[in-house]
Every structure is written in structure tokens, then in C-alpha cells.
Amino acid sequence: MQTSKEVMRAAIEFKTPDRLPVLFDSFGISDVRRIGWNQTGTGDHGKRVTYDEWNCGWQRTEMKNMGQITIHPISEWADLDSFSWPDPDNAAFYEGMEKKFEGTDGYYLSTGIFMLLFERLHGLRGFENTMADLYMERERLEMLADRIVEFDIRVIENISSRFSGLIDGFSFTDDWGTELALIISPKQWREFFKPRYKKIFDAAHKAGWHVMMHSCGKVNEILGELYEIGCNTVELQQPRVMGIEEVGRQYAGKLCFQSLCDIQHTLPMEGDDAIEEEAKLLLDCWGTDSGGFILADYGDGVAIGVPKEKKQVMYDAFMKYDRWRKR
């Protein structure tokens, strides 16, 4: 029987896992252990306002939530004169990481960067400014994007050099879709963002890591582009928005999908039978006999109105229709 590391690698590389890989932390079941560096992320959720290492200000309401960036440190281009760039070589970012490897034998180990490029860009500038900059301040926006890419690559190099050969995957977040389409035109994405993502992906592959992207919304228009530049796994949590059969026809056997029943439609809105039906459909359409699917939970069930009982129904359905275990 394959270890967690082996079953994940086999699914991602289409080398026939002997069961469905699972990332279901809310049930205490996961084939993955995360080896994080000291990135601030969204900050201390017990505080109304916190700042991350890029000096983006995260604000939260009284209701429990991760918050959102409301303070953009480069909202005016003049702010660049006094902006303090984070140093990816700062040893404090990596202190204590070695302890996270304890007790991880046999697991698939992943590290990552929260808000890799696009999200970091509009975190710094503000969303509206970033959209306008693509047309009106292209040179300045390219400079800012390149500084972010340089930071990301250096983080990858630092973690890789410290823990050579120990990490399996590199995960990151960049939400690119609305409910209807890509946020910007595919042409803009291809010209501005694709070559920059490729540089980051190349650095991760040089380290020996799989590239694992999370992106919300209808991102069909860039799935092929991501595959071209070396993305191995895409986490898509709204499969109904994308079209399960359509995505399967185009990309099954190319990209490995990390997904679950639709978090905005099926899980919160539908009953047990519909959840089971969608679980089977996802395995049939997005998986192949040689792999290509990972079941990944959405951690905050309260935020999407999904109690643990419904998650259990979904989990049981995926286990029931696990096409690799049956083989």
C-alpha cells in the first residue's frame, strides 16, 4: 500500500495511486503536512486591524472572518518613495521551520506563498488602481510585479537551500475568476501575468516541487495556459461554475484537480443525493484511471453554511466512488 507521499505524487503525476488522496483537515484526515515559513498571512484574527510583511493592512468586522485588505501601502505611486520592501533573505522568515518536519515521515510535504502575484499586486495598489494600471501605468505596474516575482523566487530558493530534497509541493493562492469569466481579458493575462508566473513555476520545479495553485471562480480561459507553463495541480472549489463535464473533456489527464463538491451551490444548497451524485461526477470527469484528482476540504464550513454533517455526506460519497481503490 502506498504511503501518503506516494499516493499524492502518483495522483499528481498520473502514475496510478492506489486510492484517492485526501486533504480533509477538519476531520483530522490528510495526506499532506504543511511546512510553512513565517509569513504573516491574514494576521491575528483576534484583532480588528493587522499588517502583513508587505505592510498591507487587514481589517476585520466583529463577525469572525479572515478580513480583507483595506489599507494599501502603495495606493499612490508617490508612496513608493517611502515604501519598505520586505527582505526575502531575512532569517526571521525561516526560523523554526525545521521543527515542522518532526513527525512527517511518509507524508507529502508542501510549502507555499499566500497571495503570490496578482493578489499581492492589488493588495499593494488597491484593486481599482491595479485594473487601471494595466492600461494607464503599465511600466510602473510591471516594475511592481517584477519586484513581487523576485521576492517569491528568493523565498523559494531560500526554503529549497535550507531543506533540499525534503519538500514535495509548492502551493499558492491567486483568485482569478468572477462567477462568469476571468477578471481581465485572456490576452492581458497572457501578456502580463503568464511570463511572470512561469518564472516562479520554473523556480519551484528547479527545487523539485510540484506547483499547486488555488484560484476561485470561472477560470476556464487560463487552465490551458497554466498547464503550458508548468502548473501541476489546480484547486477549484466551484466546479459547477466552470462546468464539470467541459473541464474534464479539455483537461483531465493534463492537470491534476484538487476539488470537492461546489461550495457555493451543491454543498450549501442541495441534499444528500445531489452531493453524492456530484462527487461521483467529479471523480468520473476530472480523474483518470492513472490519477488526477485530490479531495480537498473547504476549511471554514460556517462561512459557507455547510455543517459537518454535510461534509461527512460528501466525504463518504467520495470514498464510495473512489475509482482507484476499487482497482
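Two strands count as paired if DSSP finds at least two bridges between them. Helices (H or I, at least four residues) and strands (E, at least two) are DSSP runs, numbered from the N terminus. The model is predicted: local features need pLDDT of at least 70 and side-chain atom pairs count only at pLDDT 80 or more, while totals for chains, interfaces and linings use all residues. Residues are numbered from 1 along each chain as its sequence is written, and side-chain values use heavy atoms, with hydrogens and water left out.

**Sheets**

Strands of a sheet pair through backbone hydrogen bonds, either parallel or antiparallel. An open sheet with mixed pairing is formed by 9 strands in the order β2-β1-β12-β11-β10-β9-β8-β7-β3. Its edges are β2 (29–30) and β3 (32–34), each with a single partner strand, so one side of each is left without a neighbour in the sheet. Helix α12 (residues 308–320) packs on this sheet and touches β1 (22–24), β2 and β12 (293–296); contact means heavy atoms within 4.5 Å. The direction of α12 makes about 170° with that of β1. Axes are lines fitted to C-alpha atoms, for helices over the stretch in contact, and angles run from 0 to 180 degrees between N-to-C directions.

A further open sheet has 3 strands in the order β4-β5-β6, with antiparallel pairing. Here β4 (49–51) and β6 (68–71) are the edge strands, each pairing on one side only. Neighbouring strands of this sheet are turned by 45° against each other on average, direction ignored.

| Strand pair | Sense | Bridges |
|---|---|---|
| β7 (residues 108–113) and β8 (residues 169–173) | parallel | 4 bridges |
| β5 (residues 57–59) and β6 | antiparallel | 3 bridges |

Ile113 stands opposite Phe172 in β8, and the bridge partner of Trp58 in β6 is Ile69.

**Helix pair α6 and α8**

Helix α6 (residues 220–228) packs against helix α8 (residues 244–251) at an angle of about 25°, the axes being 11 Å apart. The two are therefore roughly parallel to each other, a term for angles under 35 degrees. Asn220, Leu223 and Gly224 of α6 meet Glu246, Val247 and Tyr251 of α8 in the contact.

**Asn232**

Asn232 lies in the loop between α6 and β10 (233–236). Its side chain reaches the backbone nitrogen of Val211 at 2.7 Å. Beyond neighbours within four places in sequence, Asn232 is in contact with Ile12, His205, His210, Val211, Leu255 and Cys256.

Definitions and conventions. Angles under 35 degrees count as roughly parallel, over 145 as roughly antiparallel, 65 to 115 as roughly perpendicular and the rest as oblique. A polar contact is a pair of N or O atoms within 3.5 Å; within protein, one must be able to donate a hydrogen and the other to accept it, and residues adjacent in sequence count only if both atoms are side-chain atoms.
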